[in-house]
Amino acid sequence: MDQWKTGRFIAERRKEKNLTQMQLAEKLGITDKAISKWERGISMPDTSIMLELCDILGISVNELLSGEKISMENNNQKNEQLLLDMAKEAEQKNRIIWTSMWVIMVVSIIALLGGMFIASFFIPEGPWQLVTVLGLCILFFPACFYALKLEVSVGAYKCKNCGHEFVPTYSQALNAMHMGFTRHLKCSNCGKRTWCKKVIKK
C-alpha cells in the first residue's frame, strides 16, 4: 500500500463531494488534523472508521487502500495484489519486531554482564556492591519482560501434538517453562500441554 497515493485519493474524493477537511472530520467524529495527516500520506485511517469513510466518499475499501478507482474487470486482480502487499507489510513488520527483540536481549545481557564485572572489580565488597548488583538485576528484568511481549506478538507457537499454530496470551507465555523459543504451552486446538515451537510466519 502506498500511503501517499491513498492520501491523495482521499483528498480528491473529498473535494469531489464538496467537503472541507473540517466537514469530513465532523462526519467521522475526529479532528481535521487526522484528515490532513491522511491526505499528506503521514498516516492511514483507522480500520474502525474505514467503512464509514468509504461510504461518505462513495468508494470501496479496496479502492481506498489502492488509492484509485477500480473497474469491475480489474477488481479481482487488485484484490489479490492488495492481499499480497498487506502480507509483505506484515512480514516486514514481524522482521523488525523480531530484530528489535534480539537487540533488546543482547544489549541488556551485555549491560548486565558488564555491570557485574565493574561491580566485582571496581566496587569494594560491602553494601554498595550489593546495591549495584541488585540495581542491575532490577533494570535487566523489565527488558526481559518487554522482549517476551515482542516475542509473543510475532508469529505463533506450533503444537507438537497436533501441529496447530496458535498465539498464547502474554501471561500464558510468561508462566510457561521454556527452552529458548520453545515453550511448554496448552494448545488451543487439542487442549494438550506440549512443547510448542515458535514459528514466525502464521
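Reader: How many salt bridges does the structure hold?
Author: The model is a predicted one. A pair counts as a salt bridge when a side-chain nitrogen of Lys or Arg is within 4 Å of a carboxyl oxygen of Asp or Glu. The number of salt bridges that the structure holds is five.

Reader: Which parts does the salt bridge between glutamate 39 and arginine 14 tie together, and how far apart are they in sequence?
Author: The side chains of glutamate 39 and arginine 14 meet at 2.6 Å, N to O. Glutamate 39 belongs to helix H3 (residues 32-39) and arginine 14 to helix H1 (residues 3-16), so the pair ties together parts whose separation in sequence is 25 residues.

Reader: In the salt bridge of lysine 69 with glutamate 63, which residue counts as buried?
Author: The closest N and O atoms of this pair are 3.6 Å apart. Lysine 69 has a relative accessible area of 48% and is therefore partly exposed. At 8% relative accessibility, the residue that counts as buried is glutamate 63.

Reader: With which residue does arginine 183 form a salt bridge, and in which helix does that residue lie?
Author: Arginine 183 has glutamate 151 as its partner, with 3.2 Å between the closest N and O atoms. Both arginine 183 and glutamate 151 are buried. Arginine 183 lies in strand E4 (residues 182-186), and the pair ties together parts 32 residues apart in sequence because glutamate 151 lies in helix H7 (residues 127-153).

Reader: Which strands stand at the edges of the open sheet?
Author: The sheet has five strands in the order E2-E1-E5-E4-E3, with antiparallel pairing. An edge strand has a single partner strand, so one of its sides is left without a neighbour in the sheet. The strands at the edges are E2 (165-166) and E3 (178-179).

Reader: What is the relative accessible area of phenylalanine 122?
Author: Phe122 makes a nonpolar surface patch of about 500 Å² together with Phe117, Ile118 and Phe121. Phenylalanine 122 is found in helix H6 (residues 75-122). Exposed means over 50% relative accessible area. Phenylalanine 122 is exposed, with a relative accessible area of 63%.

Conventions:
Residues are numbered from 1 along each chain as its sequence is written. This is a predicted model: local features need pLDDT of at least 70, side-chain atom pairs count only at pLDDT 80 or more; totals for chains, interfaces and linings use all residues. Side-chain values use heavy atoms; hydrogens and water are left out. Two strands pair if DSSP finds at least two bridges between them. Helices (H or I, at least four residues) and strands (E, at least two) are DSSP runs, numbered from the N terminus. Patches are made of residues with over 30% relative accessible area and no salt bridge: like charges are joined within 9 Å, nonpolar side chains (Val, Leu, Ile, Met, Phe, Trp, Tyr) within 5 Å. Accessible areas come from the Shrake-Rupley method with a 1.4 Å probe; for residues, only the protein chains shown count as cover. Buried means under 20% relative accessible area, exposed over 50%, partly exposed in between (1.4 Å probe, protein chains only).
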